[in-house]
Amino acid sequence: MANTQIAAARAGRITEEMHRVAERENRDPEFVRERVADGQAVIPANRNHDALDPMIIGREFATKVNANIGNSETTSDLETELEKLHAAVHYGADTVMDLGTGSDLDDIRETHVDHSPVPLGTVPLYEAVKRAGSPEDLTTDLLLEVIEKQAEQGVDYMTIHAGILAEHLALTDGRKTGIVSRGGSIVAKWMEERGEQNPLFQVYDEICEIFAEHDVTFSLGDSLRPGSLADACDEAQYAELDTLGELTRRAWEYDVQVMVEGPGHVPMHRVAENVERQQEVCDGAPFYVLGPLVTDIAPGYDHITSAIGAAMAAQAGAAMLCYVTPKEHLGLPEEDDVREGLAAYRIAAHAGDVANERPGARDWDDALSEARYEFDWREQFRLALDPDRARDYHDQTLPGDNYKEARFCSMCGVDFCSMRIDQDARDVEDGEMTRLETKTDLESSSAAEVNLPPVGTHDSPSTVDADGESALEGASDD
Ligand code: SF4
């Protein structure tokens, strides 16, 4: 039997990792075990990833956010890559994918595994192509060698583009934007040049064996995701999805955990359809969506176009959202872009959790609203998704300490502050200062653990106050 989370769950055993994610999500460990056993949730936790604080991805748990980092041929160095990992975790990424294609890939990956408290994902195809020199020179042996090495290094999940088949290629002929997945375009070129079936599909059973040995989770790549609204939900996309459903079931036979990647560019009125179809075709395996972008017209603002789709996808049942930064389609993101992208996606994920009435999800909103109504500015900053941003914006017009007690801000000004006017009117009625009688106890909220940062070398800004103290009980870092 494989030594994986799903194998243990199927055998009725609750692992240490299941206990930990149950604690983080305020769930019963048996509930976690059941969801892992039936493939409805995954705990990406390679046995060689010692720095990991385990987390869970599944539609019945808090919606998670992934951040992509990685170098390219034009920008590359170890320290910068480590800073990007720090920034991603600091701004709240639940998982990080290293999509590097530049130099020092091995050193960077090992450093990432050593330092990352969140699961690390990769696309081994990229390293294989780099080593082969060109897509046409890839071999199945080289692919397996790279996948095995990365599994040994401690990578927790890998995108495997095994679902795009030779017979799907003709279905993309009428598309406006062809094949936009990097991995998909490489595999398509290989199949066309060689006249053979997808090499990753050919060796899929061998990949399952490697994953079973190291407990690597599949992230089945959507090579034929639409790259424009015009191509959304077309025959090519859904033909590949059918294959991903078959590959999901095959991986489960090996006791390997699976999540499935999704689009892309999808208009708002078809986002839920995408989630529902994936859930049906893939028997409830967690759906991990990129966006989707709900319009194509806003390069420079695609963290917004896509966060709209991501929020809708989360509400419809997507389990993890892959962030998009303002640099999407335009360039490699810098730290500020990572911050903007993660803020947009944490909002989308949280909005989805609130809409789905996840236990305690709205407590955070309520606590912040109470602080706002009581003009408790410091508490408002402390609870803000991005405390530094909230404090900086307030300080831009009202920097003095005395304004942290003020019953107005510069938005409406002292005479037109509606909350002050409202409070004063109530005070006249009641003859005393209005104060909220019951306040949300965030520390004992069932959402509190979800908002905590992973245990490790990072803290999430939403949980750290101005003095560097954790805002929520039990936060731990070093
Ligand atoms: S001035 Fe306007 S924005 Fe500022 S606290 Fe009062 S009501 Fe809110």
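A residue is counted as near a molecule if one of its heavy atoms lies within 4 Å of it. In this predicted model, the ligand is surrounded on that basis by Phe375, Cys409, Met411, Cys412, Cys417, Ser418 and Met419. The shell divides into 6 nonpolar residues and 1 polar residue. No charged residue belongs to the shell.

The chain is divided into two domains. Domain 1 covers residues 5-356, and domain 2 covers residues 361-451. Their centres, taken over C-alpha atoms, are separated by 38 Å. Domain 1 gives 14 residues to the contact, and domain 2 gives 14 residues.

A helix pair was also examined. Helix H6 spans residues 124-132, and helix H7 spans residues 140-153. The two helices pack at an angle of about 125°. Their axes lie 9 Å apart. H6 is therefore oblique to H7, since angles of 65 to 115 degrees count as roughly perpendicular and those over 145 as roughly antiparallel. The crossing of H6 and H7 is right-handed.

On the H6 side, the contact is made by Pro124, Leu125, Glu127, Ala128, Arg131 and Ala132. These residues meet Leu142, Leu143, Glu145, Val146, Ile147, Lys149 and Gln150 in H7. By class, the residues of the H6 and H7 contact comprise 8 nonpolar, 1 polar and 4 charged.

How values were computed: Residues are numbered from 1 along each chain as its sequence is written. This is a predicted model: local features need pLDDT of at least 70, side-chain atom pairs count only at pLDDT 80 or more; totals for chains, interfaces and linings use all residues. Side-chain values use heavy atoms; hydrogens and water are left out. Axes are lines fitted to C-alpha atoms, for helices over the stretch in contact, and angles run from 0 to 180 degrees between N-to-C directions. Helices (H or I, at least four residues) and strands (E, at least two) are DSSP runs, numbered from the N terminus. Angles under 35 degrees count as roughly parallel, over 145 as roughly antiparallel, 65 to 115 as roughly perpendicular and the rest as oblique. A crossing is left-handed if the near helix is turned anticlockwise from the far one by less than a right angle, and right-handed if clockwise. Contact means heavy atoms within 4.5 Å. Ala, Val, Leu, Ile, Met, Phe, Trp, Tyr, Cys and Pro count as nonpolar, Asp, Glu, Lys and Arg as charged, and the others, Gly among them, as polar. Domain bounds come from an automatic or database domain assignment.
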